[in-house]
Amino acid sequence: MSTPLERDLIRQSAATLATAIAEGELSAREVTQAHLDRIWEVDDRVHAFLHVDAEGALATADAVDAGRAAGDPLGPLAGVPLALKDILAMKGVPTTCGSRILEGWRPPYDATVVERLRAAGIPILGKTNMDEFAMGSSTEHSAYGPTRNPWDLDRIPGGSGGGSAAAIAAFEAPLAIGTDTGGSIRQPAAVTGTVGVKPTYGGVSRYGLVALASSLDQAGPCARTVMDTALLHAAIGGYDPRDSTSIPDAMPDVVAAAARADVRGMRIGLVRELSGEGYQAGVEQRFREAVEILEHLGAEVVEVSCPHFEYALGAYYLILPSECSSNLARFDGMRYGLRVGDDGNASVEDVMSLTREAGFGPEVKRRVMLGTYALSSGYYDAYYGQAQKVRTLIQRDFDAAFAQCDVLISPTAPTTAFRIGEKVDDPLAMYLNDVATIPVNMAGNCAMSLPVGLAPEDSLPVGLQVMAPPMADDRLYLVGGALEGALLDRWGHLLIEEVPSL
Amino acid sequence: MTPVPRLARMSAITRAEVAHLARLARLDLAEDELDHYAEQLDVILTSVARVSEVAADDIPPTSHPVPLVNVTRPDVARPGLSRDEALAAAPAVEDDRFRVPRILEEQE
């Protein structure tokens, strides 16, 4: 005889599973095994994972079960399994960043995020698919083939963290880690009906996170509920002396904020520039309905203007390629990774060029060349220098808006999930997916995406973005928790429960 | 603000310029890639060049979202990777060292 909890195990929240494990109702091993079984069952169609580490995940689960039996105190997510984006180094486990150039590479060390997951007793199921080196908004730029959206397998799951979002939406894992340089946690969350948070820059250690654009990159939590996201955020966040940009101050209590879930008396700013032209009708409709709910819950909603946001995309596509062309120079085929053309005669430069040509995909090459161009002498001031000034103006727009409002909101992405192949060779069309998420990366503050319904025209998920000032990540959870609760009352279930069974 | 004089020229990136960028970036691009990227980089650069519309002459640049401060730690030795760990992922190893291709021109 199985209990309802056991029958529906993979559909439970991480919080529910953690409680059941702590109380001995379920073992960490059976919870982990159930998710591994689900991966075997559906991942040939979803392709969320690049590598599954069943042995390692079960070993962690067994350690949690043994610790519990011995009476050791368990962390709040002990035994609840997780999917890890393949851009975080995990000792001894293949880490490819979705690239051929790192095929087969097994890092000799753990990222700080991975260390903290291990310390929390969280079994790591495997590594999730992504756009190569996190460059993309659809996961189609993975060298290992696209991930598919569980809501419609012909559509993209967003990117670059499409694998992490799809794994959660397909019930292959209740938790995942993503990274967000221009929206790579939030946009996949939006198009898969899940929750994702880009923490304040410096809030989660970047040590062991393979760098795309160091001044923009930030790892963060992904889950199906706001509370699960908060629990994971608390597990991975906080100061790390190995990341020189890590913030030493204490993190805000995001778990308490998710539990409080209250927007009464809050001032919420609607960003005028993040709506209108280019935003799908059904996205705007569901967004407006969510705004009405927030007002009904006791928030005051006002319109604010951030006039430089319209230049954020252009500035981002100068700053990001510049940083990435520099960061990716390390992939030279000398100390690790692919090496091509080393025939004993070819020079080191020939081998580097042949290796990078063979090892990098088209989007990486485009951005590396763009960055090389933007940083070249004669163009530097007009492009990179000007983009850095625009970055200052975007920060000032945020400062002015947060002087009037506690949080800002917008749709997370201008459209719902598009079809695989639709934009893959049209870089500008692809870049526009991140138009609403990029300003936050440029300013370094924090943001969440959470589901607010299905667009009437295509029955696909719509995400709402909440943006808060630096180190006010708790406000994301106050708003997200309140809105999620109101939608739950209205629908009687979470949106993700409407995802088609695979 | 005064228009940036190079913009007009920059909006049309040539095939030769792409080949130059590829050399600088150590990418041995194929002939058909040069044509394809010339077209795409031109479209992207034309679009991002909009940042020049912003009057920002007196605005300080921001390189980083939070003010950077120098971070140091006590000068205490900590274990690093062992030789075998460091060499484990190397494409080629010789005499317990990374073996790399020729770094000097033959006539040198």
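A residue counts as buried when its relative accessible area is under 20%, as exposed when that area is over 50%, and as partly exposed in between (1.4 Å probe, protein chains only). At 7% relative accessibility, B:Gln40 is therefore buried. This is a predicted model, in which local features need pLDDT of at least 70 and side-chain atom pairs count only at pLDDT 80 or more, while totals for chains, interfaces and linings use all residues. Residues are numbered from 1 along each chain as its sequence is written, chains are lettered from A in the order in which they are written, and side-chain values use heavy atoms, with hydrogens and water left out.

**B:Gln40**

Helix α3 of chain B holds B:Gln40; helices (H or I, at least four residues) and strands (E, at least two) are DSSP runs numbered from the N terminus. Apart from neighbours within four places in sequence, B:Gln40 is in contact (heavy atoms within 4.5 Å) with A:Arg366, A:Asp425 and A:Pro427.

| Side chain in chain B | Side chain in chain A | Distance |
|---|---|---|
| B:Gln40 | A:Arg366 | 2.6 Å |
| B:Gln40 | A:Asp425 | 3.0 Å |

**The interface**

Chain A contributes 62 residues to the contact and chain B 59 residues. About 5,400 Å² is buried between the two chains, and carbon and sulfur atoms give 65% of this area; buried area is the accessible area (1.4 Å probe) that two parts lose on being put together, summed over both. In chain B, the residues that lose the most area to chain A are B:Arg26, B:Val51 and B:Pro65, together 12% of what that side buries.

Between chain B and chain A there are five salt bridges, each a side-chain nitrogen of Lys or Arg within 4 Å of a carboxyl oxygen of Asp or Glu. A:Asp342 forms a salt bridge with B:Arg99, with the closest N and O atoms 2.9 Å apart. On the side of chain B that touches chain A, α1 (7-10), α2 (15-24) and α3 (31-48) each give two or more residues. Of the elements of chain B, α3(B) gives the most to that side, with ten residues.

**Chain A**

Chain A has 17 helices and eleven strands. Buried residues make up 66% of its 502 residues.

Note on methods: A polar contact is a pair of N or O atoms within 3.5 Å; within protein, one must be able to donate a hydrogen and the other to accept it, and residues adjacent in sequence count only if both atoms are side-chain atoms.
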